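Have the sequence and the 3D view open as you read.

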Amino acid sequence: MKRTGFMAVVAAGVAMLFASSASALDKVTVAYFLEWPTANQVAQLEKTYDEAMGVEVEWRAFGNGNEMSQAMVSGDVQIAYSQGLVPWVVAVTNGLPLKLVGVAVSYAEADNCVVHADTGITQANASELEGKQIATPIGNVTHYKLLRTLDHLGVDASKVNMVQMNGADASVALARGDVAAACAFGGPLQRMKEYGDELMTPAEQEAIGIRVFDVISVTESFANDHPDLLKKFMQVTDEANAAYNADSAPFVETISTAAGMDLAATEDMLGMFSFPSAADQKSEAWMGGTVQSFTKEVADFFVQQGQLDSALDSYDFAVDDSFL
């Protein structure tokens, strides 16, 4: 993002990350999202990670991926699970020593923007969003999808008043009619659909090249100093994904508890998700090349939109599949 308060946090924290020692850890803190059910949450709730890694694994909930980056910069968090690709791109572009070590979840239908029914705005007259307010988390995948959607529909994004709101607040704002549209992921998005329709369907977005997936990111210091712990974390994750992919039914109730959602909503959202295996992640379709090229595409688009000052020539150096 442009140099904001976030970058002040970066400047204060980068030295801390590089100064990390290789001393033994007695706790690893993992950032995650509530109302975002993932297959690995069975291992989270049953403390399979703790047992395999031999340390306490603390799971700390965050409101968006940029907050995760800030927590890693401060040294409070070592792993961000299901961080949005865009916050990771923004962080790495701005010099944070973070590594993308896995793909947490692929999804298209679980992240979108909804226009309030009272506005009468559809794709046909989308330009009427100019001059109106849209609630969205800024600088994450949801924001990226919004900008790409507006660009495709011929809406001048610079004339839209984008209000920073995380999903829960955005859904409330849309319900009250405080904003013309709102964007979110997970549970809040499902609630938004009670008040309007998606500006573009997931299928329409995929058709214009919008990919939607979250990543597993870590600090470079954690990857360098504790590679065995990271490999065990990734192994437990892969085993949990494999068990879920083989037969999801026995695990949904546990996942709903960990995600803080009711069972029906959890089942609905999980139906929109896919959890690629470690072998799939290492293939050309993911970290064997596609993730790197798409990362560069996202960064260049954010420069074009004035959300980043500049992009890096390549992001290959920050993608590492060796822990899978």
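Here is a short tour, from the overall fold to the salt bridges.

What you see is a predicted model, where local features need pLDDT of at least 70, side-chain atom pairs count only at pLDDT 80 or more, and totals for chains, interfaces and linings use all residues. Residues are numbered from 1 along each chain as its sequence is written, and side-chain values use heavy atoms, leaving out hydrogens and water.

**Overall build**
- The protein has 15 helices and 11 strands, which are DSSP runs numbered from the N terminus (helices: H or I, at least four residues; strands: E, at least two).
- Its radius of gyration is 19 Å, close to the 20 Å that the globule rule gives for 324 residues, so the protein is as compact as a globular protein of that length. That radius is taken over C-alpha atoms, and the rule is 2.2 Å times the number of residues to the power 0.38.
- Along the principal axes, the C-alpha atoms fill a box of roughly 55 × 45 × 35 Å.

- Of the 324 residues, 55% count as buried (under 20% relative accessible area; exposed is over 50%, partly exposed in between; 1.4 Å probe, protein chains only).
- Take contacts (heavy atoms within 4.5 Å) between residues at least 6 apart in sequence: 80% of them join residues at least 24 apart.

**Charges and salt bridges**
- There are 18 positive and 43 negative side chains, with Lys and Arg counted as positive, Asp and Glu as negative, and His and the chain ends not counted. The centres of the two sets lie 6 Å apart, taking each charge at NZ of Lys, CZ of Arg, CG of Asp or CD of Glu.
- The count of salt bridges comes to 8 (a side-chain nitrogen of Lys or Arg within 4 Å of a carboxyl oxygen of Asp or Glu).
- One of them pairs Glu35 with Arg191, with the closest N and O atoms 2.9 Å apart. Glu35 sits in the loop between strand 1 and helix 2 and Arg191 in helix 8, so the pair ties together parts 156 residues apart in sequence.
- Another joins Lys282 and Asp321 at 3.9 Å, N to O. Lys282 lies in the loop between helix 14 and helix 15, and Asp321 in the segment after helix 15, so this pair links parts 39 residues apart in sequence.
- Lys282 is partly exposed at 39% relative accessible area, and Asp321 is partly exposed at 25%.
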